[in-house]
Amino acid sequence: MEIEPAPPMSSTSFFRLALVVGLALVGKSASHEHHDDKIPEGEAVSPDPIIVRSRWHVPLQTLGAVIALLGYFLGHAHGGRQFAHNIHASFATILMLLLLVQVLLGIYLKLHLEKKSQNTIHARIRRYFVLAHGLIGKVMPVVSWVQMLFGGITALGFCRDDHLGQCLAHFIMGSAFIGYGILLTILLLVGQAWLQRTGRSQEFFDSLIIAAWGCVNTFTEHRWGGPWVKNDLQHTSMGIVWWCAGLLGLWLSRKRDGRPKRNLIPAMVILITGWAMSAHPQSLELSTHVHTVFGYTLMAAGAARIIEIAFVLRDRGSVDEEGKGDEASSWQYLTPFLLYASGLLFMGATEEQMALLSNAHIHVSHVSYILILYSIAFLLFLFVAMLLNLYAAHAWPTNQPVAMKNAGSGVANGAIPLTNGHIDRRMRDAEEFELEGLMSDDDDDGNDVGNKDARGGGGCQA
């Protein structure tokens, strides 16, 4: 893009030009000139989204698809150990079908056939294809995690015959603790605006999941009609505690006037569950030690959450009242990490894993094993934090406030409301899944015309 000589400019205009040139150099604005006709009167920026879609979206998805295809075919070309029919091989086919659908939807959306064809069917179905493409993209990390677990289980020949039940319990609940930690991290770092829009406190969703999970555990941890064996009663009673506490948490998550309210019930459930698991009877000494540390770690997560809500936040949703966009309190990172560690400890404490380590030629103490699992938890937390930081760096520049001072209105978690309508719009738009940028440009053109007409007929709307 050629820049013609310009007359002397003010410092504001100079920095504006410097910003445009800088963005052009990194390829973010090389295809259009700089305009300011969309900036409302009295505002410094336009109400358009900060980001529509990342330029790395298509290249990274293409690279990921190529790697997945190579892994799929190389998995059938290996030598050495042979495996009987297993869930890892069966689930791989389902995963590849999902990937194929995702790639085909992406190619279709990228072609923008609704603009090149006279057939209106493309315009009508495009929105549904965008939703499907986004849904599969969100499901992919979960099913990929499941497939990785299946791979480890298959490689060691675990979870067969009588071991299947306890194996499922350990891997499902362990993954649930890790997933809960990831969700807490997301809400802590980039999810407060979404939580405010729901009009619910975080404990409402926590209690809802706890109640549902408790109902499932109550009726699945024992084969009804058969004898009570091993830890059936303890598992069933734990399920009962979960749905009872979940119902109470739901009730306490709203004030009398309907506004959201923080409560300590989900944290108490985590603490009680940790205490119960720390006293879980085991047949091997190593397993007893690992389960004990798992229980203590879970208890620490519950206690840390109670301290966070009651003393660090004082029933608020955020420690940032000045709208500076500062980082969360250092204490708030403790609960998610302890949940990561708890999940890995529980997944690493199945009967077959404990027997394998106990019978190993090299002596493996519970201390060394637990330290390794904690190390993996640190790396997992690092990976999640890096991804969220990468997203936040593009969604909200460091000089953009993420919250405004409390104006007295009720918001989720008792958090700080967004009093500036344009800031609220930018945050909402930036949090939308990046695939919304694949929607038809015709809609944007129509909106632009409508906005110009509105400005011409009486100024900007608030």
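Ring pairs link Tyr333, Phe337, Tyr340, Tyr374, Phe378 and Phe381 into a cluster. This is a predicted model, in which local features need pLDDT of at least 70 and side-chain atom pairs count only at pLDDT 80 or more, while totals for chains, interfaces and linings use all residues. Residues are numbered from 1 along each chain as its sequence is written, and side-chain values use heavy atoms, with hydrogens and water left out.

**Aromatic pairs**
- The structure holds 13 aromatic pairs; rings of Phe, Tyr and Trp (its six-membered ring) pair if their centres lie within 6.5 Å, and planes under 30 degrees apart count as stacked, over 60 as edge-to-face and the rest as tilted.
- The pair of Tyr72 and Phe73 is edge-to-face because the ring planes stand at 80 degrees, with centres 5.4 Å apart.
- Tyr72 is partly exposed at a relative accessible area of 26%, whereas Phe73 is exposed at 57%; buried means under 20% relative accessible area, exposed over 50%, and partly exposed in between (1.4 Å probe, protein chains only).
- Trp224 and Trp228 also form an edge-to-face pair, with ring centres 5.4 Å apart and planes at 90 degrees.
- Trp224 counts as exposed at 51% relative accessibility, and Trp228 is partly exposed at 44%.

**Cysteines**
- The structure holds one disulfide, a disulfide being a pair of cysteine sulfur atoms within 2.5 Å.
- This bond joins Cys159 to Cys167, with an S to S distance of 1.6 Å, and both Cys159 and Cys167 are buried.
- Cys215 is in no disulfide; the sulfur of Cys244 is 8.8 Å from that of Cys215, its closest cysteine sulfur, which is too far for a bond.
- Cys215 is partly exposed, with a relative accessible area of 38%, and Cys244 is partly exposed with a value of 38%.

**Surface patch**
- Leu97, Leu100, Val103, Leu104, Ile107 and Leu111 make a nonpolar surface patch of about 520 Å².
- Val103 lies in helix 3, which covers residues 87-111, and is partly exposed at a relative accessible area of 33%.

**Whole protein**
- The protein has 16 helices and zero strands; helices (H or I, at least four residues) and strands (E, at least two) are DSSP runs, numbered from the N terminus.
- Of the 462 residues, 36% count as buried.
- Among contacts (heavy atoms within 4.5 Å) between residues at least 6 apart in sequence, 75% join residues at least 24 apart.

Methods
Patch = residues over 30% accessible without salt bridge, like charges linked within 9 Å, V, L, I, M, F, W, Y side chains within 5 Å. Areas by Shrake-Rupley, 256 points an atom, 1.4 Å probe, with all protein chains shown as cover. Salt bridge = Lys/Arg side-chain N within 4 Å of Asp/Glu carboxyl O.
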